Structure formats: C-alpha cells, structure tokens
Amino acid sequence: MSNDCPDCTQARLIWHWGAYHDGCKGCQTRALSKCLGFWQSQRNGRLSTEYRAALQTIFGEDWTPGHEAVKAEAARIEQLKKGASQ
Ligand SMILES: [Zn+2]
C-alpha cells in the first residue's frame, strides 16, 4: 500500500490533517479510519453494512487487509494525538 502523496506525508505529522488526495489508498484508508461506520463497527464488534461496503469499494473483494490497515491507521492517529497534547 503506497502512502506517498503529499497529504499522507502531512498526515503522518499532524493528527488532525484533513485533506485527502484523490485515488490515494493511504488517504482513503485514513478517511475510513475517521468515519462513523468504522467506529460503530469497532464498538459493536462486527462490521456495519455501510463500512463493509466502503471497504469493498476501496479495496475490492479482498478487503480484510484493508480493514486491518484502517485499524492500524486509527491507532496511529490516536498515538499521534496523544503525543501532540502532551
Ligand atoms: Zn495519500
């Protein structure tokens, strides 16, 4: 998975970076990690229909690694956020 667009570069440093590059998987992953469907899915312990559909749109039928990437991205942003508020 490529994370090389300018918005991904900024987002690695700034947790609340809110710009996304069209067609960039890294940005799409980041956008999903902030969407409501993802958080609902995490809370409920199962994927919501909407979130799963979004995963399939971005990653295709083989979306499981994509979901793992979204979880990793959410965790990374949380860490960055904690570091920024200290
Ligand atoms: Zn990007």
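Begin by selecting asparagine 44, which has its place in helix 3, where helices (H or I, at least four residues) are DSSP runs numbered from the N terminus. Residues are numbered from 1 along each chain as its sequence is written. What you see is a predicted model, in which local features need pLDDT of at least 70 and side-chain atom pairs count only at pLDDT 80 or more, while totals for chains, interfaces and linings use all residues.

Is asparagine 44 buried or exposed? Asparagine 44 is exposed, because 9 other C-beta atoms lie within 10 Å; a residue counts as buried with 20 or more other C-beta atoms within 10 Å of its own, as exposed with 12 or fewer, and as partly exposed in between, the C-beta atoms being placed from the backbone.

Tryptophan 39 counts as partly exposed because it has 14 C-beta neighbours inside 10 Å. A line drawn from the C-alpha of tryptophan 39 to that of glycine 18 spans 18 Å, and the two residues are 21 apart in sequence.

Next, show helix 3 (residues 36-44) together with helix 4 (residues 49-59). Two packed helices are described by the angle between their axes and the distance between the axes. Here the axes come within 8 Å and cross at roughly 120°, the axes being lines fitted to C-alpha atoms over the stretch in contact, with angles that run from 0 to 180 degrees between N-to-C directions. Helix 3 and helix 4 are therefore oblique to each other, since angles under 35 degrees count as roughly parallel, over 145 as roughly antiparallel, 65 to 115 as roughly perpendicular and the rest as oblique. To see the contact itself, select Gly37, Phe38 and Ser41 of helix 3 and Glu50, Tyr51 and Ala54 of helix 4; two residues are in contact if their C-beta atoms, placed from the backbone, lie within 7 Å. The residues of this contact of helix 3 with helix 4 divide into three nonpolar, two polar and one charged, where Ala, Val, Leu, Ile, Met, Phe, Trp, Tyr, Cys and Pro count as nonpolar, Asp, Glu, Lys and Arg as charged, and the others, Gly among them, as polar.

Now turn to helix 2 (residues 25-33), in which Gly26, Cys27, Gln28, Thr29, Arg30 and Leu32 are buried. What covers the buried residues of helix 2 includes helix 1 (6-11), helix 3, helix 4 and helix 5. With helix 5 displayed as well, you can see that helix 2 and helix 5 pack at an angle of about 70°, with their axes 8 Å apart, and that these two helices are therefore roughly perpendicular to each other. Their contact is made by Thr29, Arg30, Leu32 and Ser33 of helix 2 and by Ala69, Val70, Glu73, Ala74 and Ile77 of helix 5.

Within helix 5, centre the view on valine 70, which counts as buried because it has 27 C-beta neighbours inside 10 Å. Leaving aside residues up to four places away in sequence, valine 70 touches Thr29, Leu32, Ser33 and Phe38. By contrast, glutamate 68, found in helix 5, counts as exposed because it has 10 C-beta neighbours inside 10 Å.
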